[in-house]
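Let's walk through this structure together, one region at a time. Keep the viewer open as you read.

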Amino acid sequence: MPDNEEMSLLIERVKPQMIRTAWKLLGHRQDAEDALQDAVLIVHRRWRRIRRHANPAAFVLRICAQAAIDRLRRQSRMRATSSIVPGDEPSVAASGAKHLEREEQRTAIRQALFKLSEKQRAAVIMRFFQDLPYVNIGAALGCGEATARKHVQRALAKLESVLATTIRSDFPCHQAVDRDRESPFQQETS
Amino acid sequence: MGNSESKTSEIERLLSDWSQEPIDPTVERQLGDVISAPLPSRVRATGTRRAARFWFSATAAAMILLAVGVIWLLPRPQSAWAQVVSAVKARPWMRLTLQKPSEGEPAAKEFSEAVLWFRGDGTVAASQWANLSAWLDLVENEAWTFDSKRGVVRRGRNEPGNDSQYEDMLCLRMLSVLLRRFEIGDAGNVPARLTLVETQEDEVVLDGQRWSQFSFAFKMDSSCPDRLTLVLQVDPKTRCPVRMDVLDEGGPPMHFTIDYPENGPDDIYALGAPASTAIVDTLDLERYFEPRDLPEPTDFQATVLLCLPSKPLAWIIDATRYRSEGGTTNAAYADADQVYQLANRVYYEDYGPNKTPAASWWADEVAKLDFEPPNETTNGPHRMCYCSYGRPEDYDSVTVADDSIEGLEGMILLRGPEMCVWLDPQRDMIVRRMDSLSHEDGAIHATQVDEVERGPNGNWFAIQWRGGRVEELGDPLKEHGPGDVASTLSIAVVKFVEE
């Protein structure tokens with residue numbers, strides 16, 4: 001089978017996971033497109049090496065995760081990290097405050113990803129956004145299944161510790177205002 | 001241990017929910033098209049990337065002339081090129097002007113006028129291209145940019161990126177990154193990512209005149225297949241370059257003429273930015289939106305009394321008891337009927353020897369009431385000053401102002417289109433007031449912390465705060481807001497638990 005055809009088949013096979021990774025991590029169509037372009041170009045350039053890899057699909061997905069992270073790093077520096085971009089996120093209008101709160105959490109998670117080591121970051125992305133089994137994550141990271149599992153566990157623990165002050169403390173002022181609005185007094189006077 | 005596992009489960013749940021959310025089919029199709037597109041169109045997919053090449057080429061070309069380090073990189077023509085560098089440095093300014101491509105020559109789709117400036121002493125670089133201008137202070141590492149379409153002057157940091165540490169990085173992505181960076185003016189760092197792979201010095205005859213010609217071939221990094229060659233023609237008498245050609249293997253060539261004016265742009269305003277243009281100081285703004293580490297939690301107990309601003313402590317609406325231990329805070333709400341009866345006692349002045357019941361009296365009385373079972377919560381006096389106000393979608397929409405409003409004199413105001421936040425520069429930049437537009441009811445809700453107290457671990461606790469509605473962002477918080485909705489006053493009696 002010619003190289004290009006083999007590569008295209010592989011990419012088609014992992015396309016849904018690539019799309020999910022880029023979109024979930026970046027939440028912005030143009031950035032996601034750029035990340036996917038970057039990933040595909042890297043795959044193209046490194047195809048000879050990739051095809052010799054024990055698990056080419058996992059390797060490609062790792063490249064995709066790295067491309068999305070690189071783009072996210074730039075995005076967070078250059079723009080807001082919030083994924084709420086008008087026209088990009090179809091559910092924005094649908095759910096208002098709840099959506100905003102959820103996006104806050106996700107923005108915090110995106111930021112927290114940078115606190116992880118490179119392998120931990122790749123492992124957690126491959127596990128949750130690419131649904132890869134640990135054995136494949138290990139193959140992509142060049143380690144065993146058990147080590148891959150440890151990377152994910154440590155990543156989650158680290159994320160939890162980084163997010164401890166963010167997720168659970170979201171919008172206390174808003175909560176206060178909401179509570180004020182619910183108070184009997186305000187109901188009487190509204 | 002169990003606690004730790006449940007926390008991890010929470011993160012796992014968040015990530016799983018996030019991952020499983022369906023993607024809009026239109027977006028999915030568009031992204032799928034990107035992946036499935038034939039390779040050549042991927043490479044040339046967007047105008048911004050072509051523009052990135054332009055910027056990279058032009059910037060790298062011009063910067064090289066002044067970078068002393070380049071001299072060290074030159075193996076053979078070092079002495080000759082060193083003379084050129086010296087000659088350029090002796091001039092006040094060097095100006096490079098992009099020329100229109102000749103008839104029949106491959107060219108970018110749209111020609112944009114572009115001019116680059118470099119001060120001879122190497123302290124300033126500037127550029128003007130179409131609607132974008134940049135002025136870089138290479139000493140202070142600051143970048144000023146002006147986008148005439150947006151009418152905004154932006155001040156930012158001229159900082160090196162950390163992208164180069166990733167070996168997987170593509171040349172194409174770097175170009176794109178450089179373009180974006182250059183918008184905030186990172187030209188000063190461009191040479192650091194370049195590798196000079198070939199140099200050549202020739203003598204050429206053009207228009208009957210002899211010129212020294214220097215050619216420098218660069219690669220972006222080891223992974224980039226394309227070369228970028230700069231050809232500079234130098235006047236043998238003055239040793240100053242007078243023409244520069246940028247030959248890009250992946251794009252059309254560009255030609256610049258070079259002259260050396262006495263004066264150059266002294267600031268961004270000399271590049272066309274009107275003096276009245278609003279400044280977005282991202283250098284200053286970024287620090288306000290950086291995630292902050294909270295101090296270690298302090299164990300405390302607190303009673304928060306919700307009252308009317310017009311009659312503080314003369315009538316309470318609600319009472320809440322907070323207990324915080326080891327970073328976990330529980331809140332319990334007092335029985336509403338008992339609170340009402342207690343308020344009645346005050347109304348009939350049945351509160352003992354004190355003429356006016358103090359907050360501590362209320363706290364003691366409230367402590368005797370029945371409370372709902374406690375729930376874990378984060379909404380309490382310990383969190384009021386640490387509101388998460390997120391990050392703006394676009395810094396252009398945020399300004400730093402010094403508008404003073406009653407009780408918030410000397411605060412730093414971050415004003416956005418739907419939100420205002422006042423930060424206290426004297427107290428670790430804690431949030432002293434936040435106004436935000438609620439998409440739920442269309443009202444602007446404001447919360448203002450009037451009194452604070454510092455805990456043993458350095459945390460700031462809100463002791464007194466008000467909440468209510470305002471007509472416009474930043475309006476004073478009155479007893480009654482729009483819609484005649486009453487504001488509320490919260491008074492916290494906090495006791496810190498000593499270790």
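Helices and strands here are DSSP runs, helices of at least four residues and strands of at least two, numbered from the N terminus. With that in hand, you can find A:Asp131 in the loop between H6 and H7 of chain A. Bear in mind that this is a predicted model. The phi of A:Asp131 is near 55 degrees, a positive value in a residue other than glycine. Most residues other than glycine have a negative phi.

You will find B:Met429 in the loop between strand S19 (419-424) and strand S20 (430-437) of chain B. At 18% relative accessibility, B:Met429 counts as buried, because the limit is under 20%.

Now take chain A as a whole. Its secondary structure comes to ten helices and zero strands, so the order of elements from the N terminus on reads α-α-α-α-α-α-α-α-α-α. Of the 190 residues in chain A, 58% are buried. Among contacts in chain A with a separation of 6 or more, 70% join residues 24 or more positions apart.

How far can you trust chain A? Its average pLDDT is 72, and 72% of the residues score at least 70. Within chain A, confidence is highest in helix H6 (residues 118-128), at a mean of 89, and lowest in helix H10 (residues 184-189), at 25. Over residues 79-95 of chain A the pLDDT is below 50, and this stretch has 43 contacts in the model beyond near neighbours in sequence. Residues 167-190 of chain A also have a pLDDT below 50, with 63 contacts in the model beyond near neighbours in sequence.

Next, look at how two helices of chain A pack. The axes of helix H7 (residues 134-141) and helix H8 (residues 145-163) come within 8 Å and cross at roughly 95 degrees. That angle makes H7(A) roughly perpendicular to H8(A). On the H7(A) side, the residues that meet H8(A) include A:Tyr134, A:Ile137 and A:Leu141. Their partners in H8(A) include A:Glu145, A:His151 and A:Val152.

In soluble globular proteins, nonpolar side chains tend to be buried together. The largest nonpolar core here has 63 residues, and those with the most contacts inside it include A:Leu36, A:Ile137 and B:Leu15. Helix H4 (residues 56-78) of chain A gives the most to this core, with twelve residues. Leaving aside neighbours within four places in sequence, A:Leu36 is in contact with residues of chain A including A:Met18 and A:Cys64, and with B:Leu31, B:Val34 and B:Ile35. Apart from this core lies another, of 27 residues, among them B:Ala80, B:Ala114, B:Met244 and B:Val246.

The C-alpha atoms of B:Leu98 and B:Ala114 are separated by 5.3 Å, though the two are 16 residues apart along the chain. B:Leu98 is in strand S1 (residues 93-98) of chain B and counts as buried, at 11% relative accessibility.

Finally, how many disulfides does a search of the whole structure find? Over all chains, the count is zero. As for individual cysteines, A:Cys143 is partly exposed at 23% relative accessible area, whereas B:Cys420 is buried at 0%.

Notes:
Residues are numbered from 1 along each chain as its sequence is written. Chains are lettered from A and ligands numbered from 1 in the order in which they are written. This is a predicted model: local features need pLDDT of at least 70, side-chain atom pairs count only at pLDDT 80 or more; totals for chains, interfaces and linings use all residues. Side-chain values use heavy atoms; hydrogens and water are left out. A disulfide is a pair of cysteine sulfur atoms within 2.5 Å. Buried means under 20% relative accessible area, exposed over 50%, partly exposed in between (1.4 Å probe, protein chains only). pLDDT is the predictor's confidence in each residue, from 0 to 100. Contact means heavy atoms within 4.5 Å. A nonpolar core is a set of buried Ala, Val, Leu, Ile, Met, Phe, Trp, Tyr and Cys residues joined through side-chain atoms within 4.5 Å. Axes are lines fitted to C-alpha atoms, for helices over the stretch in contact, and angles run from 0 to 180 degrees between N-to-C directions. Angles under 35 degrees count as roughly parallel, over 145 as roughly antiparallel, 65 to 115 as roughly perpendicular and the rest as oblique.
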